[in-house]
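Here is a brief report on selected helices and side-chain contacts. The sequence and structure come before the details.

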Amino acid sequence: MIRAALIGAAERRIGEDMGWARDVSALGRTAFWRLIGFFRFANFRRAAPRDLLTLARLGAVMAEDCGPCTRIVVKAARAEGVPAGLLRAGLGGGGGLTGDAGLAYRFGRALSAGGPDAAELGDAVEARLGRRVRTELAMGAAAVRFYPALKRGLGYAQTCSTTRFDDL
């Protein structure tokens with residue numbers, strides 16, 4: 001079955017369990033292909049610099065407190081060439097990030113955490129980088145929230161545990 005093969009390939013590529021995707025696939029072809037469509041949405045980038053989009057995603061997923069989801073964001077970023085130093089700073093809470101990098105991280109984190117400063121940070125992103133970049137950073141931060149929420153909703157919360165990042 002193609003769905004099982006695609007899920008298995010994704011598990012091998014990211015090194016994480018995707019039982020939750022099997023649960024979606026068990027609903028049928030339509031649900032599975034809509035999930036694939038969401039993956040495309042979640043990975044959309046045209047205007048936003050790669051590093052800034054990664055930092056917005058990292059800030060958001062760190063606020064969600066899911067170790068495996070955070071690890072997936074980091075692995076994908078490393079595969080795309082995002083510098084390890086930026087990732088380490090983000091994993092450390094963003095304190096060492098300055099300029100646009102710090103702004104993108106704080107924006108992603110505020111969006112995910114429901115922070116009162118999310119709109120202000122979004123306005124700052126837009127003033128510095130434009131509406132399209134703001135939109136893509138917001139999309140990226142919002143999209144990474146989906147995975148921990150779905151996993152927890154399906155009873156995979158035990159997999160949302162602390163994960164070490166010694167390989168950076």
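## Ser112 in helix α7

Ser112 sits in helix α7, which spans residues 99-113. The model is predicted. Ser112 has 7% relative accessibility. The cut-off for buried is under 20%, so Ser112 counts as buried.

Leaving out residues up to four places away in sequence, Ser112 touches Ala60, Ala63, Glu64 and Arg145. With Glu64 there is also a side-chain polar contact, at 2.6 Å.

## Helix α6 and its cover

Helix α6 covers residues 84-91. Six of its eight residues are buried, so α6 is largely enclosed by the rest of the structure. The buried residues are Ala84, Leu86, Leu87, Ala89, Gly90 and Leu91.

What lies over them? The cover of the buried α6 residues includes α4, α5 (67-79) and α7. Just after α6 comes Gly93, with a positive phi of about 105°.

## How α4 packs on α6

Helix α4 runs from residue 50 to residue 64. Its axis and that of α6 are 10 Å apart, at an angle of about 25°. Angles under 35 degrees count as roughly parallel, and α4 and α6 are therefore roughly parallel to each other. The crossing of α4 past α6 is right-handed.

From α4, the contact uses Asp51, Thr54, Leu55, Leu58 and Met62. From α6, Leu86, Leu87, Gly90 and Leu91 take part. By class, the residues of this contact divide into six nonpolar, two polar and one charged. Leu86, Leu87, Gly90 and Leu91 are also among the buried residues of α6.

## Glu126 in helix α8

Is Glu126 buried or partly exposed? Glu126 is partly exposed, with a relative accessible area of 27%. Its helix is α8, residues 118-129.

Which residues does Glu126 touch, not counting those up to four places away in sequence? They are Arg131 and Arg134. The side chains of Glu126 and Arg134 are joined by a polar contact of 2.8 Å. Ala79 is 47 residues from Glu126 along the chain, and their C-alpha atoms are separated by 28 Å.

## Recap

One joins Ser112 and Glu64 at 2.6 Å. Another joins Glu126 and Arg134 at 2.8 Å. Ser112 is buried, whereas Glu126 is partly exposed.

How values were computed
Residues numbered from 1 in each chain as written. Predicted model: local features only at pLDDT ≥ 70, side-chain atom pairs only at ≥ 80, totals over all residues. Heavy atoms only, no water. Axes fitted to C-alpha atoms, helices over the stretch in contact; angles between N-to-C directions. Helix = DSSP H or I, 4+ residues; strand = E, 2+ residues; numbered from the N terminus. Parallel < 35°, antiparallel > 145°, perpendicular 65-115°, else oblique. Left-handed = near helix turned anticlockwise from the far one by under 90°. Contact = heavy atoms within 4.5 Å. Nonpolar A, V, L, I, M, F, W, Y, C, P; charged D, E, K, R; others polar. Buried < 20%, exposed > 50% of the residue type's maximum accessible area, 1.4 Å probe, protein only. Polar contact = N/O pair within 3.5 Å; in protein donor to acceptor, adjacent residues only side chain to side chain.
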